[in-house]
Amino acid sequence: TEGVYSLPEVEEELMNLDGSWTCRRLDPNALVMDFADWSTDGGESWNGPEPVLAIYDRFNSKAMTYNGPMLLRFGFETDAVPKNCFLVVEQPWMYKDISLNGSSLCFGEDYYVDRYFRRTDVSSLMREGHNEVLISLGFKNPIPDSYDALERYGTEIENIFLCGDFALSGRLASEQPSESWRNRNPILNPKPLPARFECGSFRVTAEKEVPGMNLTIEGYAFYSGRIECSTSFTMDSLPEGRLKLAFPAVEAITVGINVNGKILPKVFCSPWEADITDAVKPGKNHVTLTLTGSLRNLMGPSHCIGGEFSMLGPATFSGKDSWPNFEQGDNDWYEKRKTGGTRLWRDDYFCIPFGLQEKPLVTVSAN
């Protein structure tokens with residue numbers, strides 16, 4: 001069959017949904033712990049804190065041939081103990097012992113995000129002020145030529161996470177990004193710049209009302225779940241033509257839409273609008289949006305001056321001098337960061353926006 005070409009409809013803005021919005025978090029919030037102290041003498045002396053990736057790269061360097069016991073110490077601060085809180089460790093069975101504030105932990109089948117990211121309830125072990133996670137492991141240096149996967153990669157050291165019902169307070173750095181590598185790509189529409197948070201400034205705090213505009217800077221810098229935003233609007237009468245709910249600026253993977261109890265198809269790409277003609281009515285109308293975030297801020301990369309990226313590779317996470325980084329990095333970045341001499345790596349966190357950047361619009365177009 002032949003396709004029928006038609007010009008795009010001319011849409012007229014009818015109203016801006018700039019009234020009061022009620023928002024609530026639907027999934028656990030998260031704190032990423034990717035810095036740790038390390039010890040190879042049973043805790044007699046400590047090194048760090050260092051990025052977990054720096055510890056891994058340091059012990060995998062050609063100059064290091066260490067095989068033996070290792071302790072990792074992660075610290076975080078709490079202003080208000082959450083009612084529900086879980087510690088998340090990737091493949092916890094790899095380690096000899098994991099403890100929080102001196103109490104050993106057991107991990108079962110319960111998981112967070114991925115089946116290998118096991119979680120255990122630590123609500124009763126949390127305390128206001130400083131909290132400390134201690135991980136004991138036997139480190140094995142990789143043997144690159146080995147055909148055995150466990151020998152070839154050696155001991156992998158990973159970030160750990162806290163998840164639960166809490167918010168985060170974090171200080172925005174005085175120097176915010178002025179560009180991002182993603183926006184250098186001429187075929188992509190520019191995206192909002194990430195927010196830069198000072199390293200070591202995140203604290204677990206009590207939740208307040210969630211505005212829902214940019215959750216990243218409102219207590220949810222590493223949030224990867226869903227947020228539900230609700231409001232209402234009034235139409236004295238229905239105009240002729242097709243009514244659409246348009247999102248001029250939204251940062252989310254998908255937007256679920258419910259108008260007056262009618263569930264509409266999710267919006268996930270340009271032009272970021274939904275036909276609501278058959279759902280609206282004269283008088284008061286209720287709208288509920290469910291915004292789904294990505295794993296970007298939770299899993300990174302979070303420490304590269306590129307901020308946000310159109311291409312990713314292992315070097316982007318550590319700042320090494322390798323593809324696909326646009327600029328030259330440092331293969332010994334874990335040493336150079338001690339003096340602030342890294343070209344790509346920054347200890348601060350770069351987190352992309354999540355939420356409604358502008359209030360949605362109701363538009364009308366001819367039939």
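Predicted model: local features only at pLDDT ≥ 70, side-chain atom pairs only at ≥ 80, totals over all residues.
Within helix α1, the buried residues are V52, A54, I55, Y56, D57, R58 and F59. This helix spans residues 52-60 and is mostly covered, with seven of its nine residues buried.

The wider setting may now be described. The chain contains five helices and 26 strands. Taken along the principal axes, its C-alpha atoms fill a box of roughly 75 × 45 × 45 Å. Of the 367 residues in the chain, 48% count as buried.

The surface and the charges come next. The chain exposes about 18600 Å², and carbon and sulfur atoms supply 50% of that area. There are 35 positive and 51 negative side chains in the chain, and the centres of these two sets lie 2 Å apart.

T78 belongs to strand β6, which covers residues 68-78. Is T78 buried or exposed? T78 has a relative accessible area of 2%, and it therefore counts as buried, the cut-off being under 20%. Leaving aside residues up to four places away in sequence, T78 touches M126, R127, E128, G129, N131 and V204.

Methods
Residues numbered from 1 in each chain as written. Heavy atoms only, no water. Helix = DSSP H or I, 4+ residues; strand = E, 2+ residues; numbered from the N terminus. Buried < 20%, exposed > 50% of the residue type's maximum accessible area, 1.4 Å probe, protein only. Areas by Shrake-Rupley, 256 points an atom, 1.4 Å probe, with all protein chains shown as cover. Lys, Arg positive; Asp, Glu negative; His and termini not counted. Charge placed at Lys NZ, Arg CZ, Asp CG, Glu CD. Contact = heavy atoms within 4.5 Å.
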